[in-house]
Amino acid sequence: APRQVTARALGGLLSLDGMLTVANNSTFDVQAILANADLAEITRQLAPHQLPPTGKVFGSVHLAGSTPGNHTWRGDGKISLREADLYQLPAMITLLKLLSIQRPNSTAFTNSNIDFRIEGEDLTFDRIDFSGDAISLKGKGRMNNQRQIDLKFYPLVGREERQLAILRPFLGQ
């Protein structure tokens with residue numbers, strides 16, 4: 001029976017499974033899963049001149065299409081960041097962290113979840129969640145093949161999972 005290919009990559013474990021049909025218009029169907037990868041290592045590979053953030057990356061992508069071009073590609077995926085140090089907060093917002101009864105620091109977002117779809121040469125972000133102790137951002141958007149990005153976010157005070165359901169509409173305002 002066919003098995004997936006597994007390798008250590010980017011400080012984590014990468015698993016790849018797929019199928020390729022060889023013909024005039026060859027088709028493919030690929031699934032990749034990245035588990036427990038090091039965000040600092042990924043940043044060093046993609047942007048070596050940036051100060052690398054810390055954290056763990058988990059992700060999966062399923063992509064299908066044919067070889068005539070990426071306009072035939074369709075797929076979806078998820079990316080999750082855990083224990084990440086993504087963005088430094090201005091000093092005033094850092095003070096809001098005192099309300100969460102935690103040790104104040106300048107890290108804005110520690111966990112993130114992104115669900116996306118691949119539609120030809122475009123990416124649709126169905127869910128983008130950045131969770132932090134002081135503020136959280138929720139949103140969605142699109143990116144086209146010219147790397148033009150259209151994202152819409154709304155803020156929440158604190159972490160959504162820590163808010164009582166009855167208070168969420170008021171705290172979101």
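Guide: The side chains of K138 and D129 form a salt bridge, with 3.2 Å from N to O; the term denotes a side-chain nitrogen of Lys or Arg within 4 Å of a carboxyl oxygen of Asp or Glu. Both K138 and D129 are buried, where buried means under 20% relative accessible area, exposed over 50%, and partly exposed in between (1.4 Å probe, protein chains only). Through salt bridges with shared partners, K78, D115, R127, D129 and K138 are joined into one network.

The model is predicted: local features need pLDDT of at least 70, side-chain atom pairs count only at pLDDT 80 or more, and totals for chains, interfaces and linings use all residues. Residues are numbered from 1 along each chain as its sequence is written, and side-chain values use heavy atoms, with hydrogens and water left out.

A further salt bridge links the side chains of D122 and R142, at 3.6 Å from N to O. Because D122 belongs to strand β7 (residues 122-131) and R142 to strand β8 (residues 135-143), this pair ties together parts that are 20 residues apart in sequence; strands are DSSP runs (E, at least two residues), numbered from the N terminus. D122 is partly exposed at 24% relative accessibility, and R142 is partly exposed at 37%.

R117 and D126 also meet through their side chains in a salt bridge, at 2.8 Å from N to O. R117 is partly exposed, with a relative accessible area of 32%, and D126 is partly exposed with 37%. By the rule given above, the count comes to 10 salt bridges.

Technical notes
Helices (H or I, at least four residues) and strands (E, at least two) are DSSP runs, numbered from the N terminus.
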